[in-house]
Structures are given as structure tokens and as C-alpha cells.
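Subject: Structure handover

Hello,

Please find the structure below, followed by notes on what was found in it.

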Amino acid sequence: MKFKANLTDHGVNLLEKRFLPALDKMGKICHLYLTRDHFFFLHNLLNGDGIQSIAQFKKEALFEDYRISSQNEDRIAFAIDLSLLHRALRSIITVYAEFSSHGVGGVVSNQIQIRLVKKLPAHSQQPTPFLTFETKGYKSAVIQDVPISKPLSRADMAELQAALDTAQEMPRTLVKVRDMNQLEQFVDRMKHVGDVMNVSISKYGDLHLQISTTLITLGAEFRKLLVLGEQAEVPRGEGNLSAQTRTQRAIQRGDAMIVQVSVKHFFKSLQCHLAKPDCAFYGITSQGACLTVIFQFFVPGTRQTDKSISLHCRLPVLDPGSN
Amino acid sequence: MSSSAIDADGDALDLVCQLDNVQGIVDALTSVRWKRHQDAVVELSEHGIVLIVEESSCLQAKVYLQKELFVKYEYSAEGRPRFGVSLGLFVDCLNTFSVPGNSNSIEIRYPGPDMQLLLKSVDSLDACIYAEVRTRIPDTISWDYNFEPAGSTPLHFTVKSAALKEAIDDLEWPGSSIQITLQPNPPCVTFRGEGHGDLQIDFMYYANTDLLIAFSCDRQISYRYKYKFLRATTANIPGSVIRDNRGSKLTIGRGGMLKVQHLVSVAKPPVSHSHVDYAGYQQPSRIAYIEFFVKPEVDDNTVSD
């Protein structure tokens with residue numbers, strides 16, 4: 001089982017400034033899953049109740065000179081502590097930047113190398129696996145070892161791959177969030193009022209969030225959002241109805257779906273804006289199995305989707321509800 | 001009665017009002033939120049809305065939201081409807097309406113079909129926030145404050161809110177009981193805490209007229225108040241209001257009852273290109289009044305009148 005690659009400057013920037021801060025909010029521990037072509041950060045795919053997040057990079061988006069081999073179709077997966085990974089990367093970058101700033105970079109090429117190693121830690125007889133970063137500074141070199149779990153067994157890996165395949169299911173209707181920061185601030189305030197949120201999404205482009213307890217009902221409806229996938233015409237003459245009534249009618253007509261999710265999970269999903277996506281879309285998968293949020297990234301300076309990066313989250317549904 | 005004061009079933013509503021600065025109301029109500037779970041009584045009248053909270057029959061706070069604070073205020077009830085709400089929930093709920101970038105204008109209606117308080121954002125295109133807050137039959141207020149003057153000359157002083165808050169915060173260290181003394185000659189207000197140690201803070205009228213803005217007292221008077229109640233009168237005022245740094249007026253009434261009054265601006269947030277008024281000027285009608293009443297501690301050492 002071998003893995004070795006060099007992080008590109010673009011890859012360093014993507015991870016350190018954008019994805020690691022966002023993914024850290026999803027949970028401290030995640031699985032890194034490496035294949036011949038892709039590099040994944042996976043949260044909660046093997047244990048059911050948390051928010052699932054799937055960040056996928058084509059190897060070229062992060063690395064050059066990417067080499068991987070294993071007896072399991074050149075796939076490797078292990079668990080890692082994201083905060084340790086983030087700290088190690090930050091420390092490596094400081095030294096790396098020092099090298100570049102002295103202008104010697106042009107003469108001798110410098111790299112941040114990342115690889116899997118087994119080492120004997122002090123006071124131990126048992127070799128332990130690490131993800132190791134290595135680079136040179138102006139006068140020094142630095143190695144950061146990030147401890148990782150034992151690589152996943154063939155059976156666990158199969159389970160992880162199956163979970164990943166399931167997680168790729170797309171909702172039929174997706175609505176585009178107009179202003180993620182505003183929605184985040186709004187949900188941040190809303191979460192003081194209750195723990196469970198009803199989320200309904202209609203084919204007319206309505207996103208309706210509601211927290212309802214015995215003491216209070218607090219909701220927000222965002223209308224006329226951009227719809228991807230199945231859409232429907234807004235019924236005439238419903239403009240003056242309350243948000244609740246409109247949503248109820250849309251559900252009865254089969255034009256909307258509603259699910260209950262944890263407010264905490266919903267808030268976490270919004271914190272993915274730290275990865276600086278260009279747009280976010282919410283949708284409910286068939287039979288209300290989960291609430292999905294898909295983030296879209298553009299190729300810098302264009303309105304074209306950057307297909308080498310993808311990020312989406314799946315929020316577990318608390319109560320399958322009546323639909 | 002205008003058509004908007006009637007609900008969908010044709011029943012008249014007691015109150016329909018609109019507000020263009022939710023944040024101001026959030027600030028005012030936050031000032032009297034001294035603990036997490038707090039029941040409040042709301043009283044509606046033709047003059048405005050009053051919210052009352054109290055604790056242990058020793059501390060009461062009132063927030064006066066006069067009708068002039070509202071862009072629209074349509075009151076059509078008989079008598080003065082009163083209802084109870086959870087203050088924390090009400091403030092958290094209002095706070096949701098004041099997300100930057102949103103219109104910050106809301107409509108409040110009472111009662112809903114199930115006696116709820118109904119709130120709804122207005123004027124925002126394609127986005128609507130709404131809330132229904134359940135109300136209760138109000139508890140009777142366990143003590144009613146007939147705040148009466150202590151004599152022919154009123155005993156009061158006005159001090160910058162930030163200085164008052166700072167003084168009370170500093171008095172946390174000595175302990176549970178704080179003595180407030182007013183004396184006419186030289187005109188001076190003294191806060192004294194005794195406990196683990198003792199700490200005395202003097203506001204001298206002539207020494208610093210910027211700090212102690214007004215002073216009225218014809219004889220020495222002194223009462224003790226529980227620290228935690230005194231603290232509740234300033235501790236929760238939001239930083240933005242403290243930075244406005246208006247004066248807070250403290251009056252001692254008959255029997256040593258302390259009245260603390262604060263002013264909170266509920267002005268519409270300034271539009272960026274508007275001309276600059278002279279410093280601190282606010283229309284008097286865009287101010288929410290907050291009053292705290294604190295009962296003195298009864299002990300033998302009280303030097304009264």
C-alpha cells in the first residue's frame with residue numbers, strides 16, 4: 001500500500017484556505033479516501049446519524065506526480081483528525097513560503113510532498129501509520145506526521161464505496177439559495193428558538209424553513225428561486241395566501257416535499273460557504289430520504305462549473321413525515 | 001376602523017402595528033433580560049405597548065414602547081388587553097427579523113385565532129419571515145409599584161449610562177449588598193459595597209459634571225440594595241446602546257424604592273447618504289423608555305431620612 005504526491009500551490013490554497021476550514025465544521029474526524037483519480041474527504045458515511053459531507057477532488061485539482069498503489073484496486077481509505085491535518089498543513093506552508101520568499105525557488109524546485117508512512121513512535125513496538133508532509137525551508141526542512149487510523153479493510157472499504165454511491169443520488173428538484181450569508185445569519189438566529197426544522201422545497205422555486213414548538217412557530221419563505229430539475233408553474237391566485245397555506249397546498253398537489261431535519265445540521269450545511277462555493281442548491285431526495293445541499297464551484301473568472309471539485313452534504317431526516 | 005385591523009374571519013383585532021426598526025426593540029427588550037427563562041406580561045393600550053418583567057417581588061422592569069415608535073399603530077380594543085409571553089423566546093424571535101440585508105420592517109398583530117402574537121416581515125421582495133408566539137393568561141403582578149417621591153424635593157441623579165454600568169460591574173467584587181448614599185453638601189453620590197472587602201465609588205457633582213449630569217437632593221439619604229438586583233438594571237444593556245451613552249436617571253422614592261431609567265434609541269437606521277445631524281440628536285419620539293424598580297434591603301443599619 002503506497003501513496004505519494006506533491007501538493008500544487010493551487011491545491012494548498014484550496015485545502016488550507018477553503019476546504020479544511022469548512023470541513024472542520026462538519027466534524028473533527030473524517031475519512032480520506034484515495035483512488036487512482038480522485039481524492040475524497042468523507043464525513044459520517046459509515047455511521048448513520050450525523051450530517052454526511054462528500055468533498056471530491058480530481059487528483060489534478062490538488063496534486064502533481066500522484067502515485068497510489070494498493071492490493072484493493074489502488075484504493076486506500078483511513079480516518080484522520082481534520083484539525084491535526086489543518087495544523088500540520090499550516091506549519092508546512094509557513095516553511096514552504098519562507099523558501100519561496102528567498103527567491104531560491106527558481107533555482108532549486110521546492111515541493112510539499114505528502115505520503116503515507118509507517119513509523120515506530122517513541123516508546124512503542126508497534127509501527128503506526130501516518131500521513132506525512134515534507135518540505136524544505138530556506139535553512140531548514142520540516143516533516144509533519146499526522147497520525148491516521150489503520151487503513152480500512154477490504155470489507156469496510158466496500159461499505160464506504162457503497163455508501164458513497166448511495167450518496168450520489170440527486171434530488172429531482174433543486175432550488176438555488178439567493179444569499180448564503182444571509183441565510184446563515186438567519187438560521188443562526190433561528191436556532192435559539194428550537195432544535196427541529198421543517199424544510200420544504202417546491203417545484204415553483206420556494207424554499208420554506210420553519211421551526212415549530214409548543215410555544216412558537218417561526219418561519220421564513222424564500223420564493224422565486226432558480227429551479228434545476230423538475231419545475232412547475234406557480235398556481236394562479238395564491239399570491240395572497242400565507243406561506244404555510246401555500247406550502248400545504250403544494251405538498252397536497254405533489255409539487256413540494258417536506259422533511260424535518262436538525263437545525264444544528266442545517267446550520268452546519270450553511271457553514272460550507274467557508275469553502276467559498278459560487279452557488280448552493282437545496283433539494284430533497286426521493287421519498288424524503290434526506291435533504292441534500294449541493295455546492296457549485298466555477299472555474300475562476302468564468303461562469304463554467306469547475307468539474308474537478310465537488311462538495312455536497314446530506315442531512316439526515318429526523319422523521320420521514322407523511323409523504 | 002381601517003380594514004387592516006380586521007383578521008381573515010372578520011373579527012376585529014386589538015392591535016395592528018408596524019415597526020421599521022426591529023433592532024431598536026430587540027435592544028430595548030434585551031436590556032431587561034436578566035436571565036434565560038423569564039416570563040413577561042405585555043399590556044396594550046392606545047398609548048403604546050408596555051412589557052413588564054419582575055423577580056422575587058424585589059425587582060421589576062418595564063419597557064415602554066410608545067405608539068410614536070411605530071410607523072403604524074392601530075389600536076381598537078376595549079379595556080387594556082394583557083397577555084403573558086416568554087421574554088427570551090420573544091427577543092430571540094424578534095432578533096431573527098433583524099438580519100442585516102433584510103427589510104427590518106415588521107408588522108405585529110394581536111390576537112391571532114388562538115390568541116397568538118403574530119409577526120410578519122413586510123416590504124421584502126420574495127422573502128417573508130413570520131412568527132406566531134403563543135401567549136398565556138398573565139400572572140398577576142405580585143407587587144404593584146406606587147413609586148412615590150420621598151419628600152418635597154425629589155431625590156435623584158443622572159449619570160452617563162456607561163459610567164453607571166462600569167461602577168456597578170466593579171462592585172461585583174466586594175459582594176452581595178450595595179449601599180447608595182446621596183448627600184447635598186458637597187453634592188455627591190456614593191456606591192459602597194462591603195463583603196469580602198470593601199469598595200467605594202464616589203460620583204462628585206462638581207468634580208465631573210460630564211459624568212454626573214444632574215443632581216437633586218436636599219438631605220443625606222442612604223439605602224442598601226442587593227447586588228444582583230442592582231446589576232440587573234445595567235448588565236444586559238447591549239453594547240451599542242451603552243456606546244450611545246445617554247444619561248441614566250436614578251431616583252430614590254418613599255421607603256427607599258430605587259427607580260432606574262434608561263433611554264434606548266429606536267430610530268430608523270441611518271441611510272448612508274443622509275445629512276449628519278448634530279451629535280447624538282434623536283427625535284424624542286423615537287426613544288424607548290426602560291424603568292427598573294428595585295426594593296431596598298431591610299436591615300437595622302439603614303440610615304434613612
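The largest nonpolar core has 172 residues. A nonpolar core here is a set of buried Ala, Val, Leu, Ile, Met, Phe, Trp, Tyr and Cys residues joined through C-beta atoms within 7 Å. A residue is buried if 20 or more other C-beta atoms lie within 10 Å of its own, exposed if 12 or fewer, and partly exposed in between, with C-beta atoms placed from the backbone. Those with the most contacts inside the core are Leu23(A), Tyr282(A), Ile25(B), Leu29(B), Phe90(B), Cys93(B) and Ala288(B). Helix α3 (residues 82–101) of chain A gives the most to this core, with 8 residues; helices (H or I, at least four residues) and strands (E, at least two) are DSSP runs, numbered from the N terminus.

This is a predicted model: local features need pLDDT of at least 70, side-chain atom pairs count only at pLDDT 80 or more, and totals for chains, interfaces and linings use all residues. Residues are numbered from 1 along each chain as its sequence is written, while chains are lettered from A and ligands numbered from 1 in the order in which they are written.

Leaving aside neighbours within four places in sequence, Ile25(B) is in contact (C-beta atoms, placed from the backbone, within 7 Å) with Leu19(B), Leu65(B), Leu94(B) and Val266(B). Chain B comes to 5 helices and 18 strands, and 38% of its 305 residues count as buried. Among its contacts between residues at least 6 apart in sequence, 70% join residues at least 24 apart.

In chain A, the axes of helix α5 (residues 180–190) and helix α7 (residues 263–270) come within 9 Å and cross at roughly 155 degrees. Axes are lines fitted to C-alpha atoms, for helices over the stretch in contact, and angles run from 0 to 180 degrees between N-to-C directions. α5(A) and α7(A) are therefore roughly antiparallel (angles over 145 degrees) to each other. The residues of this contact divide into 8 nonpolar, no polar and 2 charged. Ala, Val, Leu, Ile, Met, Phe, Trp, Tyr, Cys and Pro count as nonpolar, Asp, Glu, Lys and Arg as charged, and the others, Gly among them, as polar.

The contact between the chains takes 20 residues from chain A and 18 residues from chain B. On the side of chain A that touches chain B, β13(A) gives the most, with 7 residues.

Asn47(A), in the loop between β3 (38–43) and β4 (52–58) of chain A, has 9 C-beta neighbours inside 10 Å and so counts as exposed.

Regards

Conventions:
Two residues are in contact if their C-beta atoms, placed from the backbone, lie within 7 Å. Angles under 35 degrees count as roughly parallel, over 145 as roughly antiparallel, 65 to 115 as roughly perpendicular and the rest as oblique.
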